[in-house]
Amino acid sequence: MMTIGSESRQRFELPARIVGGVAAVVAAASVLLSWSYDPAALDDMSFWGAPSPLQFHYLALGALAAILYLLPIALRPRNGSWTNWVAWNTAARFASFTLLGFPVIAVIAIALEAGGLINVDPGAWLALGAGVVATLAGVLLPTSPEPAMHRIKTHPVIQILAIAAGMGALLFAAVFALGLQDAGAFLLYAGFAAGLVLTLLRLGVFGWLAVCAAANKRVLVLAAFFVAFAFPFTQNGSEANMSIATQVLIFGATALGLNIVVGLVGLLDLGYIAFLGAGAFTSAVLSGSAFATINWTPPFWLTVLISGTVASLLGLLIGSPTLRVSGDYLAIVTLAFGEIFRITMNNLDGSDGPNVTNGSDGIPGIPDLNFFGFDFGATHVIFGVTIGRFANYFWLMLLILALIIVVFTNLNRSRIGRGWVAIREDELAAEAMGVNTFALKLLAFATGAFLAGVAGAVKAHHDVSVTPDQYVFLESAFLLAAVVLGGMGTVMGVLIGATILKLLPEKLRFFSDYRLLLFGLLLVFMMRFRPEGIIADERRQLEFHATDEELAEEVEEELVTYHAHYNPDPKGQK
Amino acid sequence: MEFFFQQLINGLSLGALYALIAVGYTVVYGIVQLINFAHGEIFMVGAFGAFATWVLLGSPTTWSLAAALFVLLPAMILGGVVVSVAVALLTERLAYRPLRTAPRLAPLISAIGVSVFLQEFIRLFFGYIPGMPDSKRAIPFPSVEGISGASFQIGQVTVQMPAVFTIVALVVCTLFLWFYVNRTKTGRAMIATSQDPDTARLMGINVDRVIMAAFAVGAALAAVAGVAHGLRYGNIDFRMGFLSGLKAFTAAVLGGIGNINGAVVGGLVLGVVESLATSFIPGQFGSTAWKDVWAFALLILVLVFRPQGLLGAKVVDRA
């Protein structure tokens with residue numbers, strides 16, 4: 001691409017705005033035309049004058065881009081006013097990229113799904129052309145200064161409304177994405193969502209939202225749980241999506257447990273799936289299934305506690321070598337433990353050892369939970385919406401996940417959590433400062449394992465059967481990947497990572513054969529280009545970019561304000 | 001007593017296989033302190049490379065004994081070595097070198113990614129190479145006249161020829177390795193780098209080249225092990241690297257990681273222990289279903305109680 005000096009960029013600004021704005025409007029208008037001759041491709045873009053849901057998204061995107069291009073002409077951004085704190089130009093550029101990318105993906109998907117480019121109708125070509133023009137205009141715009149929307153003062157009511165709107169948008173997006181059956185349509189939507197998020201990020205909206213969220217933390221957390229709680233009502237009895245959602249929660253809960261060990265204490269555990277397995281097998285053996293080997297069925301709350309305890313005992317056992325082993329060696333020890341667990345579960349079948357787990361057949365026919373008379377297998381109708389079996393488990397897991405998050409965040413902020421971080425940063429120094437490193441490491445293993453065991457207890461009932469081959473090394477690698485991908489040491493990041501790793505394979509079944517191949521590549525690329533994960537823990541980020549002075553200052557500043565916020569009285573610190 | 005010697009021979013040949021792979025772990029670890037988690041896959045790729053060479057030679061099945069032993073077998077080994085070394089150097093360049101200054105977790109996670117990627121790559125794409133069979137299931141490894149299926153007797157003890165091949169290969173490779181490390185310039189540069197990389201660099205040693213050499217040597221030996229594995233078990237599949245790799249790592253640790261002689265000793269000891277455990281532990285826990293458990297238990301015990309390994313002169317303490 002040719003380079004354009006900043007002076008000529010200034011000269012081009014007004015024409016670029018007008019051209020970009022017109023192109024965005026044209027792109028938005030293109031949804032009134034048919035995009036695809038074949039109604040089966042994507043979500044039926046074959047109507048004239050009646051856009052499909054995905055086309056409506058494109059319409060909204062075009063409108064957003066048009067506003068970003070044209071509004072500054074009217075507002076004339078000035079120093080010191082909010083109009084100058086918004087990064088109009090950079091955002092317009094990214095919106096234009098998305099305006100171009102969307103029809104590109106759509107054209108490819110239509111050509112692939114309907115058999116040839118002949119099926120692409122004028123609307124898509126018009127959108128593509130408009131996208132090219134808008135992108136050129138966006139490149140010609142001078143780059144905006146860094147957005148500073150967090151400086152905008154907002155009334156608390158508006159802040160809360162913004163949080164509510166954001167959560168609502170999130171719920172809508174999740175429901176819409178899950179409802180897309182066609183793989184091409186899902187990819188198109190994912191591209192749209194990524195483009196929109198990038199645009200808003202460049203605009204500075206997230207900086208502003210972060211301020212709103214920080215000022216209303218409780219509201220944010222409550223809203224998040226309300227949205228998650230409301231999710232089953234949007235599915236109208238459809239069980240497929242509820243099952244995926246429950247699996248995401250189970251996976252996320254386990255990943256949070258692993259996050260204590262890997263993210264907070266910095267001990268790499270490659271056999272973590274064994275704890276989930278221990279919980280699941282314990283729960284299965286005590287479930288009263290016809291294949292269970294122990295004829296005692298305690299109430300479920302007790303089963304959960306027993307499963308967690310068994311898992312955490314195993315955690316203590318696996319964690320005990322940390323007294324003498326650290327670093328890569330510990331990773332291999334945990335990997336060996338994980339393999340031993342799987343092989344042992346396989347062998348306790350009555351012929352190679354005592355019969356506990358039925359060997360490789362596992363324990364099938366696990367009955368549904370019955371919690372104080374509430375049958376989890378039954379279907380209920382609440383507010384006229386059918387709530388099926390998986391929705392019941394979804395709510396149970398949501399409750400458990402909430403507990404896990406509370407435990408995680410409180411531990412993280414406590415003396416124990418600071419001890420953990422100290423061990424992660426420098427174990428010798430931590431020990432010299434009087435941190436009981438061994439006890440804290442054991443505690444991390446036991447706590448993480450307990451959480452995973454609890455998740456496993458629910459998983460056994462949700463899955464109906466438990467077999468040893470569900471608990472192979474690859475699953476441990478997936479858990480680790482969720483933590484690494486999302487951001488070690490963070491709650492939000494790990495949940496996002498777990499969602500991505502569970503949801504994408506379910507929705508993109510056409511490449512299920514390439515799933516692991518891409519997974520391997522993903523790990524390599526993450527380590528190469530963004531080792532701190534999608535949502536970075538600041539201190540972590542610094543570890544991975546040790547030479548970045550600017551980042552160091554930024555993080556220091558944030559940590560100082562953070563501590564000033566939580567410990568306003570310096571004398572209160574011991 | 002015959003039974004004991006029989007198991008001993010079995011264990012030694014199994015151990016020789018582990019030892020050949022273990023050298024790769026130990027050489028790389030000695031120089032860059034990286035557990036090359038993907039090394040098991042390098043071994044697997046070597047076996048597939050040898051198989052592909054056999055197909056390129058026209059899938060010969062009726063060659064005479066001399067032709068099989070002196071043309072086919074060396075050609076297959078060479079083919080495997082070329083493929084393994086190429087893949088190992090590529091992964092080093094693309095996945096590990098950029099992370100050399102990163103925190104320790106990063107290269108290990110990257111290595112796990114490489115491991116999964118290589119397995120899947122072979123599973124999905126090996127069959128697309130013209131002339132190659134579909135690799136989603138195990139592929140029968142070509143039989144080499146005079147080795148595959150052949151055996152001889154010493155008293156009551158049966159010695160399989162693939163076992164002899166593995167042990168001979170180990171002896172030859174160890175001698176070659178000893179010569180390479182102690183008598184060549186690159187080898188001595190390796191020793192220097194493993195002792196003190198910074199000083200080595202100041203003395204004009206190209207550390208990047210030394211690291212590449214370490215990866216290449218390890219990969220070459222792993223490819224030989226791949227051929228030995230194919231001859232021994234009669235088939236190869238894309239999953240074979242994981243367990244063998246883990247066992248070989250156990251062997252490397254057992255002998256003292258970073259110590260080449262240790263890797264050889266560790267491999268032999270591990271093979272013998274595994275073999276004897278399945279025959280001399282009484283009751284249900286002595287069945288072959290538990291042999292991997294005993295191997296891993298040994299790994300854990302060594303790591304906890306003697307992390308420097310059997311021959312470890314080097315005390316490893318790293319966080």
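In chain B, 77% of the contacts with a separation of 6 or more are made by residues 24 or more positions apart. The model is predicted, and its chain B contains eleven helices and four strands. Of the 319 residues in this chain, 53% count as buried. The C-alpha trace of chain B extends over about 55 × 50 × 35 Å along its principal axes. The radius of gyration of chain B is 19 Å, in agreement with the value near 20 Å that a compact globule of 319 residues would have.

Chain B also meets chain A, with 37 residues of chain B in contact with 37 residues of chain A. On the chain B side, the elements that contribute two or more residues are α4 (105-125) and α11 (291-305) of chain B. Of these, α4(B) supplies the largest share of the side that touches chain A, namely 13 residues. By residue class, the side of chain B that touches chain A comprises 29 nonpolar, four polar and four charged residues.

For chain A, the mean pLDDT is 79, and 87% of the residues reach 70 or more. Within chain A, the pLDDT falls below 50 over residues 568-574, a stretch that has two contacts in the model beyond near neighbours in sequence.

Terms used:
Residues are numbered from 1 along each chain as its sequence is written. Chains are lettered from A and ligands numbered from 1 in the order in which they are written. This is a predicted model: local features need pLDDT of at least 70, side-chain atom pairs count only at pLDDT 80 or more; totals for chains, interfaces and linings use all residues. pLDDT is the predictor's confidence in each residue, from 0 to 100. Two residues are in contact if their C-beta atoms, placed from the backbone, lie within 7 Å. Ala, Val, Leu, Ile, Met, Phe, Trp, Tyr, Cys and Pro count as nonpolar, Asp, Glu, Lys and Arg as charged, and the others, Gly among them, as polar. The radius of gyration is taken over C-alpha atoms; the globule rule is 2.2 Å times the number of residues to the power 0.38. A residue is buried if 20 or more other C-beta atoms lie within 10 Å of its own, exposed if 12 or fewer, and partly exposed in between; C-beta atoms are placed from the backbone.
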